[in-house]
Amino acid sequence: MAISRRAESFDLGIPVDRREPRRSLGGQLRRWVPIGIGIVMAVCMVVLAAAAPLIAPLSPSAQYSDAVLKGPGAVDRHWLGTDEFGRDILSRIIWGARVSLQVGLASVAWGFLLGVPLGILAGTLGGPVETVIMRGTDMLMAFPTLLLALIIVTALGGTLLNEILAIGVALTPNFARLARSLALTIREQDYIMAARALGNGQVRVMARHVFPNALHALVVVATLYIATAIRTEAGLSFLGLGIPPPTPSWGNILSEGRQYIKCCPWITTFSGLAIMLAVLAFNIVGDALRDLLDPRLRGE
Amino acid sequence: MVKYVVRRLLVAVPMLLGAMSIVFFAMRILPGDPCVAMMGDQASTEALADCTRNLGLNRPLAAQYLDYLWRSVQLDFGNSLRQGYPVSEYIARMFPHTLVLVVSSAVVAALIGIPIGIVSALKRRSPLIDYPLRILALLGLSMPVFWLGILLLIVFSLRLDIFPLIGGGDLDGVIHMLASGEAFTSPRDFLAAVGDVLHHLALPALALGLTLAATVSRLSRSAMLEVISQDYIRTARAKGQGERAVIYKHAFRNMMLPLLTIIGLFVAIALTGTVLTETVFTRPGLGKMLVDAIGARDYPLAQGAITVFTMIIIVVNLVVDMLYAVVDPRVTYR
């Protein structure tokens, strides 16, 4: 066998015994508590972002000249302090959740939509189609996600849409690779042979049989990539290549706050904390989902 | 083996070519004219036209592209638009800074991540050891390196004043002293210079190393879990070997193999990390150079930096693949 580091086939364990071993209360807790925590955190973030106008105590762009660079609690109405223009950090962070979440979800969806069909096509058809697609993804994989996103965003300019586009494209090869390796395993299964024998065409086999069977593994990975996308967005904004100020995003709040770390460390501290919690939430959910859905870890 | 190496090399060529093409065309559709960026908005039309001609930007795109490819192969990336001198010279000056950062953070990551991963695997499901360590790893994985960097700066540079806030120390001086043999004639100066470089390196290496350690610990945990469930571990135990010998002599060595394969991935993560880390710590290096070059619309410099980044990643992956085959005799080449 040739050596392949990335494209190992996934053990889907298709004929798994679906009966779960009976679990103790401790086992059930271990199983569900982490995913619960992660989901609660992620849902909180979504609510925060969606209802930002209702939740944020103040306007994110209002400048309070009487409260410039004030620490948390120094002025009653600014719980997490203010920045150099006297803007309320808490409100900016709540509004910033919108950018992070929009980019996180949309870019993953975009990467999924681009990458998964390509991967399934490559894995199911094989031959020259596979070679072309996989060499293309190899090429893109030579760039780390942030670097590729950085190149694209630089070329197109930093707007919300371009950021989504860039991070989505940067994630595409990851989805394509995974989808291909899943398809490689699935296409060997008996039910695919049965589907073919029944006279289903290639497209139908891929859409109705290969894709649904690859879906759960893809969803798990997509959750983890939301975390990657949020971190990448924050990184781009931090480098000044993301959404330009004054629109608040966690990365640009942090970047602006960098000049004031000497006097006012709260700006960078809280915005960074927000990034970490968001990334953490999706990492926890993804990890927990993987443990739940990966048959190799079942009944352990 | 030779056939395999040749084939792998041949695959790497179109990859590199493709990656370079992406860079070239991405840089060309950039909004903003490098001449305007250099000379300002006030420059006259003639001066701008002159500048465009001098830089060769008025030639057909295809000609520029072929020229770029041909010269990149020779590691000639043209001259920096802003600084004037050759990009390759610039890169050669910045490269050691990035190299020491990547290497030192890899050391930090390995020293912290591997033991944590092993302990976590051996004490699997222990609520006092495995769970806290895994939570710690998850936190490290979720922490953006630039935030950790800023926190370290706030505590160790601003509050405690132990480490410098910016800069990378006089690495050029150290290299020069080594090259000229001065390091051996006046070792005291040399050690002082090395100390200064390490002093500047400590926080960046710690920031990048800790975030990488999270990945390493998770990978070593799963590698260790995989290994200790193998039959040869049971055999080792069955023949009465102590647990310590089983872990060190049998499990550890086998665990390092899968870890080796992720070095390629690791280099990619670490290089990306340097872009952010060098920016946070205002440290010279390829990553900082790239960000500055993009900001200044310095095409050749940005192109050069990205090309070098990509080359490093492709070459490291190639070497790791081959190394893997050398280390693990079970792997055969085709």
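A residue is called buried here if 20 or more other C-beta atoms lie within 10 Å of its own, exposed if 12 or fewer, and partly exposed in between, with C-beta atoms placed from the backbone. Helices (H or I, at least four residues) and strands (E, at least two) are DSSP runs, numbered from the N terminus.

Housekeeping: this is a predicted model, where local features need pLDDT of at least 70 and side-chain atom pairs count only at pLDDT 80 or more, while totals for chains, interfaces and linings use all residues. Residues are numbered from 1 along each chain as its sequence is written, and chains are lettered from A, ligands numbered from 1, in the order in which they are written.

1. Start with α14(B). Eight of its 10 residues are buried: B:L286, B:G287, B:K288, B:M289, B:L290, B:V291, B:A293 and B:I294. Note the lysine, B:K288, in that list. The cover includes α5 (145-156) of chain A, plus α5 (87-122), α13 and α15 of chain B. After α14(B) comes B:R297, with a positive phi near 55°.

2. Chain B overall. You'll find 15 helices and zero strands. The C-alpha atoms fill a box of roughly 85 × 55 × 45 Å along the principal axes, and 39% of the 334 residues count as buried. Take the contacts (C-beta atoms, placed from the backbone, within 7 Å) between residues at least 6 apart in sequence: 73% of those in chain B join residues at least 24 apart.

3. The interface. Here 43 residues of chain B are in contact with 36 residues of chain A. On the chain B side, α1 (2-28), α6 (130-142), α7 (145-159), α13 (263-280), α14 (286-295) and α15 (299-327) each supply at least two residues. That side divides into 33 nonpolar, eight polar and two charged. For the classes, Ala, Val, Leu, Ile, Met, Phe, Trp, Tyr, Cys and Pro count as nonpolar, Asp, Glu, Lys and Arg as charged, and the others, Gly among them, as polar.

4. The core. A nonpolar core is a set of buried Ala, Val, Leu, Ile, Met, Phe, Trp, Tyr and Cys residues joined through C-beta atoms within 7 Å. The largest one has 171 residues, and A:A149, A:A179, B:A19, B:L290, B:A302 and B:A305 touch the most other members. Helix α10 (residues 187-228) of chain B gives the largest share, 18 residues. Beyond its neighbours within four places in sequence, B:A302 contacts B:M27, B:L290, B:A293 and B:I294.

5. A helix pair. The axes of α12(B) (residues 243-261) and α15(B) come within 9 Å and cross at roughly 160°; axes are lines fitted to C-alpha atoms, for helices over the stretch in contact, with angles from 0 to 180 degrees between N-to-C directions. The two are therefore roughly antiparallel (an angle over 145 degrees). B:L257, B:L260 and B:T261 of α12(B) meet B:V320, B:L323, B:Y324 and B:V327 of α15(B). That makes six nonpolar, one polar and no charged.

6. Backbone spots to check. Most residues other than glycine have a negative phi, and most peptide bonds are trans. B:D161 has phi near 55°, in the loop between α7 and α8 (171-180) of chain B, and is exposed with 9 C-beta neighbours inside 10 Å. B:T282 has phi near 45°, sits in the loop between α13 and α14 of chain B, and is partly exposed with 15 such neighbours. In chain A, a cis peptide bond joins A:P245 and A:P246, with omega about 15°.

Methods. Two residues are in contact if their C-beta atoms, placed from the backbone, lie within 7 Å. Angles under 35 degrees count as roughly parallel, over 145 as roughly antiparallel, 65 to 115 as roughly perpendicular and the rest as oblique.
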